[in-house]
Amino acid sequence: MNGKLIPSDGLPAIPMIKEKIVVGRQPDCDICIPFPNVSSRHAEFRFHQGWWILLDRKSSNGTSVNGDKIERKRLKPGDEITFARKHTFKIDYKPESSAPKEEVDVIIKKKSQKEEMDTFSQSLLERAGLSRKDANDDIDPSMFFDDDPREEKRHDLLDE
């Protein structure tokens, strides 16, 4: 056995026996996470030169290691892995050698300390770029109260 994955929800640890382990929603995956936000073949673990490498397989909702969204990452013992922003595990293993010389990590978006601290400083709408304030800054309220020619006809009909 080359280590184990420990689910954060208290379920039993998953032994990492094979050299290549596929994680996904499909029942034939080595580790099946049967939730709709998990891609059918979401990610893959590979045991290489005594280290676990995690590869995101172009999943819809991404894979993160210690809060950083990744494409490929060499895992260290104790790293926290999250699939589809909700399904979290810790990896427990003993690397068999010193770190390989080649750089394998491809991090898409590194979570900065500032982002961690500013998480609640904006509303969700502002964080998504949909802030009401931003969207309405250029709107002139008088444009909603222009004289409508139909209104004049309606008044004319009432007067008759």
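Student: How many aromatic pairs does a search of the whole structure find?

Tutor: The search finds four. Rings of Phe, Tyr and Trp (its six-membered ring) pair if their centres lie within 6.5 Å; planes under 30 degrees apart are stacked, over 60 edge-to-face, and the rest tilted. Keep in mind that this is a predicted model, where local features need pLDDT of at least 70, side-chain atom pairs count only at pLDDT 80 or more, and totals for chains, interfaces and linings use all residues. Residues are numbered from 1 along each chain as its sequence is written, and side-chain values use heavy atoms, with hydrogens and water left out.

Student: Why is the pair of F45 and W52 called edge-to-face?

Tutor: The ring centres of F45 and W52 are 6.1 Å apart and the planes stand at 90°, so the pair is edge-to-face. F83 and F89 make another such pair: their centres are 5.8 Å apart and their planes at 65°, so this one is edge-to-face too. Ring pairs join F45, F47, W52, F83 and F89 into a cluster.

Student: What makes F45 count as buried or exposed?

Tutor: Buried means under 20% relative accessible area, exposed over 50%, and partly exposed in between (1.4 Å probe, protein chains only). F45 has 0%, so F45 is buried. W52 is buried as well, with 0%.

Student: And how do you know which class S39 belongs to?

Tutor: The relative accessible area of S39 is 14%, so S39 is buried. A polar atom of the S39 side chain lies 3.0 Å from the backbone nitrogen of S60.

Student: What makes K4 and D92 a salt bridge?

Tutor: A salt bridge needs a side-chain nitrogen of Lys or Arg within 4 Å of a carboxyl oxygen of Asp or Glu. The side chains of K4 and D92 meet at 4.0 Å, N to O. K4 lies in strand β1 (residues 4–7) and D92 in strand β10, so the pair ties together parts that are 88 residues apart in sequence. Strands (E, at least two residues) and helices (H or I, at least four) are DSSP runs, numbered from the N terminus.

Student: Why is K4 called partly exposed?

Tutor: K4 has a relative accessible area of 30%, so partly exposed is the class for K4. D92, with 37%, is also partly exposed.

Student: How do you know that R57 and E44 form a salt bridge?

Tutor: Their closest N and O atoms are 3.3 Å apart. At 36% relative accessibility, R57 is partly exposed, whereas E44, at 3%, is buried. E44, R46 and R57 are linked in a network of salt bridges.

How values were computed
A polar contact is a pair of N or O atoms within 3.5 Å; within protein, one must be able to donate a hydrogen and the other to accept it, and residues adjacent in sequence count only if both atoms are side-chain atoms.
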